[in-house]
Amino acid sequence: MANLSVNVGGLKMKNPVMIASSPLTAKIELLKEAEDNGAAAVSIKHAMMQQKFKARPRWYFNRNIGIVVSGDPRLEPEYACELVAKAKRETGLTIVCNMSGAPGRLETWGQLASMLEQAGADGIELNFNCPNLLSAEIKTAVQGANLGADPEACSIVVAEVKKAVKIPIIAKLNTEGGMTMKVAKACQESGADIMNIHASFRAAPGINIYDGGKFLFPGTSKGNFGGHTGVWSRMITNRFIADIARALPGHALIGGSGLEKWDQIIECIMFGAQSVQICTSVLHKGFSIIPPIVKGISDFMDRQGYETLESIRGLSLNYITEPSQMEYSDVAAVIDTGVCTGCKLCTRMPTCIAIDYNEKVKKCEVTREKCLGCGLCAGVCPNNAISMKIA
Ligand SMILES: Cc1cc2nc3c(=O)[nH]c(=O)nc-3n(C[C@H](O)[C@H](O)[C@H](O)COP(=O)(O)O)c2cc1C
């Protein structure tokens with residue numbers, strides 16, 4: 001049987017599945033549920049040295065897109081330390097702590113990290129990512145995604161925490177602000193052991209167009225834009241995982257957003273991640289999605305004859321090239337007439353002149369010479385009757 005264990009920059013995990021920092025990781029009962037369902041590690045909910053305001057959970061959720069989180073309560077340092085100590089006593093999980101210091105007081109980053117280390121944390125995850133902490137201030141006076149868009153400020157914070165703790169330090173990066181790669185490099189140079197990347201952008205929630213455009217956050221007369229998580233973001237994260245894996249070869253890397261199935265996790269690993277963090281799909285569907293994920297990864301590895309996750313890490317990086325270097329073979333759509341139901345969806349694509357409906361046989365047909373090989377039809381077909389073949 002394949003070995004699913006990973007060592008991510010010194011964090012040892014029995015498999016690559018982590019539960020991301022969120023309300024799912026703010027209570028001991030939930031941590032136990034995560035473990036019972038097979039998660040290897042958790043990132044404890046964001047602990048803050050000083051909270052400017054106390055947020056309540058206010059989320060806009062659309063199951064086809066994901067969540068926009070306007071508010072979510074953070075942990076006080078003492079509570080976070082107690083939770084870590086309890087989790088270390090009562091579970092076998094690898095525990096990392098998502099945290100930030102007080103605005104403008106650099107030393108508090110190290111102080112809180114040290115408190116969490118003494119409580120038993122296996123790793124410190126620096127929160128350079130929360131999009132709903134954005135403000136106009138600069139440098140270490142700011143938190144979350146604003147801080148995370150400033151390479152110099154992040155590097156100063158990493159160095160400060162590095163002085164304070166011996167356990168691995170994770171820089172949890174964000175994709176807001178266009179500085180992700182510079183921040184990743186700065187964090188690595190100042191000693192961050194692990195990069196963690198999620199596609200997170202500040203986004204608007206849905207609004208009630210029949211009630212003057214009010215925000216659809218429950219129980220708030222006014223709302224703020226919030227961090228957008230969930231399925232919409234998966235491919236963007238994969239791009240960033242690949243970018244970081246190529247820019248920092250061999251560096252420990254966690255990644256993933258919008259994950260809910262085992263094969264999506266294999267994709268993250270093939271783009272260069274060693275482990276993944278999952279949140280929204282568990283909030284939505286429960287911890288019971290985790291066992292099929294772990295089993296799915298294991299079965300895949302056995303079926304394909306891979307022994308370790310390290311052996312598939314970064315395989316897809318071999319296929320990334322510059323736009324000018326792309327190689328094109330002639331391909332054309334082929335319709336499996338045994339599977340085609342004649343629903344005609346593939347005949348409606350305005351840019352395709354190659355597919356027509358054949359009334360006589362009640363199936364769709366491709367005229368090979370007209371097919372450009374774009375691949376759109378293969379995704380349009382609800383029955384997977386279309387594949388692209390070398391012409
Ligand atoms: C309700 C909620 C609360 C979250 N709280 C935190 C947090 O405290 N710290 C943090 O770094 N990320 C937080 N996140 C982001 C998640 O850790 C994760 O990075 C993100 O949701 C992307 O993964 P997903 O698409 O699987 O949800 C939160 C996400 C949600 C939905």
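Guide: A salt bridge is counted here when a side-chain nitrogen of Lys or Arg comes within 4 Å of a carboxyl oxygen of Asp or Glu. The model is predicted, so local features need pLDDT of at least 70 and side-chain atom pairs pLDDT 80 or more, while totals for chains, interfaces and linings use all residues. Residues are numbered from 1 along each chain as its sequence is written, and side-chain values use heavy atoms, without hydrogens or water.

Under this criterion there are 13 salt bridges. One of them joins Lys214 to Asp211, with 3.5 Å between the closest N and O atoms. Relative accessible area is described as buried under 20%, exposed over 50% and partly exposed in between, with a 1.4 Å probe and protein chains only. Lys214, at 46%, is partly exposed, as is Asp211 at 38%. Tyr210, by contrast, counts as exposed at 75%.

A second pair is Asp193 with Lys162, whose closest N and O atoms are 3.2 Å apart. Asp193 sits in the loop between helix H6 (180–189) and strand S10 (194–197), and Lys162 in helix H5, so this contact ties together parts 31 residues apart in sequence. Helices (H or I, at least four residues) and strands (E, at least two) are DSSP runs numbered from the N terminus. Asp193 is partly exposed at 23%, and Lys162 is partly exposed at 34%.

Lys285 and Glu260 form a further salt bridge, with a closest N to O separation of 3.2 Å. Lys285 belongs to helix H9 (residues 280–285) and Glu260 to the loop between strand S15 (252–255) and helix H8 (262–270), 25 residues apart. Lys285 is partly exposed at 44%.
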